[in-house]
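Morning, everyone. Please have the sequence and the model open while I talk.

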Amino acid sequence: MTVREVLLLAASFLDEKDLAASLAGSSVTGEAETLLTCFNVVENEIALDDYPLKKTETFSFEKGILPFSKFSSAPVDICAVKAGGRKLSFSLTATGVLCDCDAAEITYTYAPKKKGIGDSAELGGRVSARLMALGVASEYCFVKGMNERAKIWGVKYRDALKCAGILRHPLSVRSRRWA
């Protein structure tokens, strides 16, 4: 799915014909730029809160240290460090990963990069263009101060996340009972 497809769908949801027409061009200005910013916010929100983007890369450690700058994407969370098929213990510092090894395969989650109008979305699979467009419509209405419309689109967006099976359920702790 491309960013343009999602933005055109969001503009049609909002019944903004002028906005849809301005998205047809190669450059983004004015309201279309605001819609593009909303896309980046929604993609980032989904990737960080509900449907993490994962990547696995192989790295060489220097004296047991791997700086975060060596990763191809900025890591949000380190899921696993493996060498020879077995998991290794590791620790994190402010600047990188510490592990007692020379080389390892690291699986991590990352935040999506900022997109332009001609780019492709990094989210896929259960995250459809419609789901993204609902989120963009909600965010756009919120930014423009149309709070009632933002609320309506926000409910539709959350329902779509639930239907796609990617909305994380909040953790809950059962209340204590004294016998």
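Leaving aside neighbours within four places in sequence, which residues is Ser60 in contact with? Keep that in mind for a moment. One caution before the answer: this is a predicted model.

Now the answer. Ser60 is in contact with Leu66, Asp102 and Ala103, once its neighbours within four places in sequence are set aside. Ser60 sits in strand S1, residues 53-60. Look also at Ala104. Along the chain, Ser60 and Ala104 are 44 residues apart, yet their C-alpha atoms are separated by 6.6 Å. Is Ser60 buried or exposed? Exposed: its relative accessible area is 57%, and the cut-off for that class is over 50%.

Next, helix H1. This helix covers residues 3-13. Its buried residues are Val3, Val6, Leu7, Ala10 and Ala11. They span an arc of only 135° around the axis, which means they lie on the same side of H1. The general rule fits here. An α-helix has 3.6 residues a turn, so residues three or four places apart point the same way.

What do the buried residues of H1 pack against? Three helices: H2 at 17-23, H3 at 31-50 and H4 at 129-143. After H1 comes Asp15, with a positive phi near 60°.

Let's take H1 against H3. The two helices pack at an angle of about 110°, and their axes are 10 Å apart. That makes H1 roughly perpendicular to H3, because angles of 65 to 115 degrees fall in that class. The crossing is right-handed. On the H1 side, the residues are Val3, Val6 and Leu7. On the H3 side, they meet Leu35, Leu36 and Phe39. Val3, Val6 and Leu7 are also on the list of buried residues of H1.

H3 has another packing partner to show you. That is helix H5, residues 147-164. Here the angle is about 45° and the axes are 14 Å apart. H3 and H5 are therefore oblique to each other. H3 passes H5 in a right-handed crossing. Val42, Glu45, Ile46 and Asp50 come from H3. They meet Tyr157, Arg158 and Leu161 in H5.

Over to the strands. Start with S3, residues 75-83. How many bridges join S3 to S7? Six, and the two strands run antiparallel. S7 covers residues 103-110. Within this pair, Val81 stands opposite Ile106 in S7.

S3 also pairs with S4, residues 86-87. That pairing is antiparallel too, over two bridges. Ala83 stands opposite Arg86 in S4. S3 and S4 make a hairpin, with two residues between the strands. In the turn, Gly84 has a positive phi of about 65°.

Last stop: the open sheet. Three strands form it, in the order S2-S6-S5, with antiparallel pairing. S2 (65-67) and S5 (91-92) are at the edges. Each has a single partner strand, so one side of each is left without a neighbour in the sheet. S5 and S6, residues 96-98, pair over two bridges in the antiparallel sense. Leu92 has Val97 in S6 as its bridge partner.

To close, back to Ser60. Ser60 belongs to S1, and Leu66 is among its contacts. That's my walk through the model. Over to you.

Conventions. Residues numbered from 1 in each chain as written. Predicted model: local features only at pLDDT ≥ 70, side-chain atom pairs only at ≥ 80, totals over all residues. Heavy atoms only, no water. Buried < 20%, exposed > 50% of the residue type's maximum accessible area, 1.4 Å probe, protein only. Helix = DSSP H or I, 4+ residues; strand = E, 2+ residues; numbered from the N terminus. Arc of directions from axis to C-beta. Contact = heavy atoms within 4.5 Å. Pairing = 2+ DSSP bridges. Axes fitted to C-alpha atoms, helices over the stretch in contact; angles between N-to-C directions. Parallel < 35°, antiparallel > 145°, perpendicular 65-115°, else oblique. Left-handed = near helix turned anticlockwise from the far one by under 90°.
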